[in-house]
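Please look through the sequence and the model below, and then read the short report on its aromatic rings and on one of its helices.

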Amino acid sequence: MEALRREDPRRFGRFTVLARFQEAASAVRYVGRDTGTGELAVITAARPALAAVPAFRRRFQAEARTAERLAGGWVSPPLGSGSPETGSLESGEDELLWTATAYVPAVPLAEAVGIAGPLPERALRILGAGTAEILSRVHAGGSVLQGLAPGTVLLAEDGPRLTAFGPLGAAATAEARPGGQLSVRLGYLTPEQVEGKEVGAPSDLFVLGLLLAYAATGTTPFTEGPPEEAARRIAEADPELDAVPDELRALIAACLAKDPAERPTAGTVAAELALEGAAGLARGGWLPERLAAAVADQEAGVRGLGAPEENARPAGEPEDAVPTGKPGDARPTDAPAEPPAPQTPTAPSATTTTAATTSNNAGAGTGDIGEDRGTTRFLNTGPKPPRSDRATTQLALPQGLPPAPGNAPAALPAPVPHHTYGSPAPYPAAALPPSATTAQGNNGTSPMVALPLPPTPTPPEGSATSRRTLITIAAAAVGGLVVGGGAVAAIGGGETAAATDAKPAPPKPRPTLPGQPPEPRWSYSHPASESAPLTTALWRDRLLVVTSESQASAVDVSTGKRVWQRADAAKGQAALVAGDLCFVASPTEFLWLAPKDGTVVHRVRYADGFTDLPDLQVGRLAGHSGPVVWFTGSRTVTVKAPKPKKGKKRAADRKVVQAYFFAYDIVRRAEVWRTQVPAGRAPGTPLYRVVAERSADLLVRQDAVTLTAAEVKAAKGKGSVRSFDQQTGKLRWARQYGASGPEAAVTGDEDGILYAGVGADLQSFEADTGKPLWRVDGTEGSAFGTPLVAGPFLHTTERSRQIGAVERESGRLAWRRSTEVPGVGSAPALTLSSSGKTLLASDATQVTAFSAADGERLWKFQDIGVAEPKGATVSAPYRTLAVGGYVIVQRDRAFYAFPVS
């Protein structure tokens with residue numbers, strides 16, 4: 001951290017800049033303070049010369065959106081951002097791009113190794129597990145991170161943090177060239193980049209292996225040397241891992257496998273390093289003493305920075321010269337310019353290859369996020385190789401390169417140390433031969449020449465990666481010349497490569513390890529045409545019926561392919577079996593759909609089906625059993641005031657809400673019974689939920705918010721359950737159970753036993769008498785969520801993210817485990833696999849799988865989901881649906897089919 005320089009902006013939006021924090025190849029990071037809340041922030045501001053390049057702006061904004069989607073866990077949440085207006089910029093025009101995240105006291109890994117030397121094994125495990133957890137979320141969405149480097153991974157008091165989400169952040173060098181060209185050189189190389197092959201999720205694992213080896217030893221696992229030799233060793237030589245702790249050597253070596261198919265997945269690495277999760281292993285502190293002290297010193301220094309007005313401008317500078325983070329602020333001054341970062345003193349061709357940007361309009365209408373198309377990806381068949389982008393991408397020759405290849409390469413120049421983030425770059429880019437810089441006729445002003453490039457990795461349609469922000473790694477040998485050595489990212493203006501039908505050989509099978517989720521059979525991305533949440537349900541274990549505000553769709557659960565999509569049944573729910581048809585209830589009508597194509601076979605509008613109740617509004621289904629569904633409905637009626645007595649003023653008419661509880665046979669398409677129920681004190685239809693079905697009656701719980709004032713007073717702060725006769729719908733009784741509150745979770749079983757949350761505990765009662773049977777102590781400061789009845793057991797869930805199993809008869813606690821999600825939040829929702837062997841707990845953070853028999857934690861799954869239109873954060877919780885030998889995991893519009901036992 002250092003004082004601000006004269007040319008540094010003093011404000012970014014609502015943030016006042018306090019000090020320089022860290023300098024990188026493509027951006028400068030500042031410490032700032034929110035003028036409204038006083039909250040400290042780290043502001044990453046792109047260098048003005050780079051911000052003027054359209055390709056850079058697009059990539060910078062794409063990486064900012066990725067950070068926003070990954071926020072939480074080991075990624076600091078964003079606080080704000082700013083970007084210039086789109087369009088071409090005149091040469092020399094300064095427009096700043098920036099993002100702000102919450103400040104977390106932490107030191108970069110490169111600095112940490114310099115302070116305390118190699119990390120001990122426990123710290124290595126936490127570093128690797130936390131980073132792998134982030135990679136697992138990225139890869140689940142079909143993306144590649146490419147943002148790992150010693151300068152982008154921070155070590156905080158409670159675990160690691162990641163600050164870069166693409167090659168710009170992890171760049172060793174980034175340079176703007178005339179004509180809208182941009183050159184970016186990555187710090188870390190992988191064998192596939194050296195050989196000009198496709199970059200995918202395994203590439204991130206290779207870089208993770210390099211990062212862990214560096215953290216374990218303080219040096220690279222491949223001997224450094226001339227660029228050409230270094231690239232050859234990466235592609236061919238075995239890594240030097242003798243100094244790596246014995247317990248981690250095999251895993252790091254697996255990450256550094258030359259064949260991408262032989263590298264483990266991110267989930268495997270995270271589970272093998274810390275099955276309980278990085279957060280669980282880091283409890284109680286994890287940093288060596290010297291690093292913990294360095295983090296504390298940094299925090300003290302940041303929090304002790306002067307007030308914003310004390311940092312407003314350097315001494316002697318006029319007030320109107322203070323930059324504000326707006327276009328044109330970074331003006332030249334009379335002060336001498338800061339010396340540039342040390343660079344390799346060779347011709348430009350010795351370190352970088354310049355990539356020309358392509359058309360800004362390319363890729364429009366080709367499956368970009370937000371386009372109204374569903375997408376299915378078969379994840380166990382290997383990726384499809386994309387077509388080459390030769391027709392759309394141009395590579396500008398470096399100054400001095402002859403216009404046509406054909407000359408044999410000469411000896412490469414000797415390497416010169418290159419410094420980035422204050423430390424040597426791990427692997428320098430391969431250099432072009434010096435003869436290329438003196439070729440006849442090449443004076444640096446020759447036009448760009450179209451050259452073939454290697455295939456562009458294209459993520460599956462509908463993945464979280466925008467097709468307009470892909471990166472082409474220029475790593476092929478062109479005409480005998482090594483172009484970029486695989487280290488130069490050609491950041492284009494939006495062109496993407498179309499996938500072909502050719503399929504490579506399937507990857508080698510990997511053993512299933514504890515903590516690693518199974519390979520999903522397929523994934524499906526639903527069209528992101530609306531912001532309202534989706535309703536999902538299964539029909540006969542054959543169709544996944546997905547409804548939104550404007551349409552209903554059906555997905556084949558065996559293949560993940562969409563079968564049909566129709567505007568009918570919009571805003572629907574349930575998707576129940578009604579003979580050979582699919583029944584769906586919408587806000588205005590009941591529909592019976594043909595499962596083959598979604599056509600409407602029968603339709604019953606509420607105005608037509610309940611003619612004696614005009615304007616009936618039907619709420620969500622309360623439950624179903626066989627052909628019978630139960631639901632609530634309400635309507636508003638006007639009650640005329642009685643005729644006043646002579647000489648008296650007539651009273652005003654009153655509007656009264658009438659509410660009913662219905663039973664309806666969806667096969668016969670006929671009402672079974674109805675009974676009038678209290679309408680409650682809240683507007684709209686009272687919400688009922690059937691908590692147990694018995695031979696003679698239904699046990700029903702009404703949402704607390706819809707209870708009448710009289711009911712609330714009579715209950716004295718307790719919740720109640722109602723019994724309705726199965727044949728007539730007559731209300732038999734209403735009863736309170738112990739001290740169970742109106743908001744407490746309740747469920748029941750076929751034997752007439754109710755299970756209800758009572759304070760922090762779970763208690764069982766006889767439904768007919770209210771007699772308490774047993775009690776299970778809960779976690780302090782927590783509360784139980786809705787339990788799940790499963791044979792002789794009751795599976796429990798708590799807001800503290802504890803999952804358990806209780807014997808229904810005795811109340812004996814069989815087991816209790818944690819999902820390892822920190823803190824107290826909503827209790828995870830429970831789903832049991834069709835076989836009853838696997839219990840899945842779903843919350844807003846992840847899906848955790850347990851063995852239902854003994855509570856063994858099997859695996860967890862996280863997904864960054866599919867981006868909302870305009871890059872909004874995906875914050876929907878996970879849902880799970882069991883079907884056959886699979887469980888379908890949903891987060892917002894992303895669906896995955898996992899095989900389970």
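## Charges over rings

A charge is taken to sit over a ring if NZ of Lys or CZ of Arg is within 6 Å of the ring centre and within 35 degrees of the ring normal. In this predicted model, arginine 735 lies over the face of tryptophan 733, at 4.3 Å from the ring centre. Tryptophan 592 also has an arginine over its face, namely arginine 669, which is placed 5.7 Å from the centre of the ring.

## Aromatic rings

Tryptophan 592 belongs to an aromatic cluster as well, and the other members of this cluster are Phe583, Phe590, Tyr606, Phe610, Phe631, Tyr660, Phe662 and Tyr664.

When the whole structure is searched, 30 aromatic pairs are found. One of them is formed by tyrosine 688 and phenylalanine 724, a tilted pair with 6.3 Å from centre to centre and 45° between the planes. This pair links distant parts of the chain, since tyrosine 688 is in strand β32 (residues 688-693) while phenylalanine 724, 36 residues apart from it, is in strand β34 (residues 720-725). Both tyrosine 688 and phenylalanine 724 are buried.

## An enclosed helix

Helix α9 (residues 266-273) is largely enclosed by the rest of the structure, because 7 of its 8 residues are buried. These buried residues are Ala266, Gly267, Thr268, Val269, Ala270, Ala271 and Leu273.

Which elements are included in what covers the buried residues of α9? Among them are α4 (121-140), α6 (201-217), α8 (246-255) and α10 (278-282).

Definitions and conventions. Residues numbered from 1 in each chain as written. Predicted model: local features only at pLDDT ≥ 70, side-chain atom pairs only at ≥ 80, totals over all residues. Heavy atoms only, no water. Phe/Tyr/Trp six-rings, centres within 6.5 Å; stacked < 30°, edge-to-face > 60°. Helix = DSSP H or I, 4+ residues; strand = E, 2+ residues; numbered from the N terminus. Buried < 20%, exposed > 50% of the residue type's maximum accessible area, 1.4 Å probe, protein only. Contact = heavy atoms within 4.5 Å.
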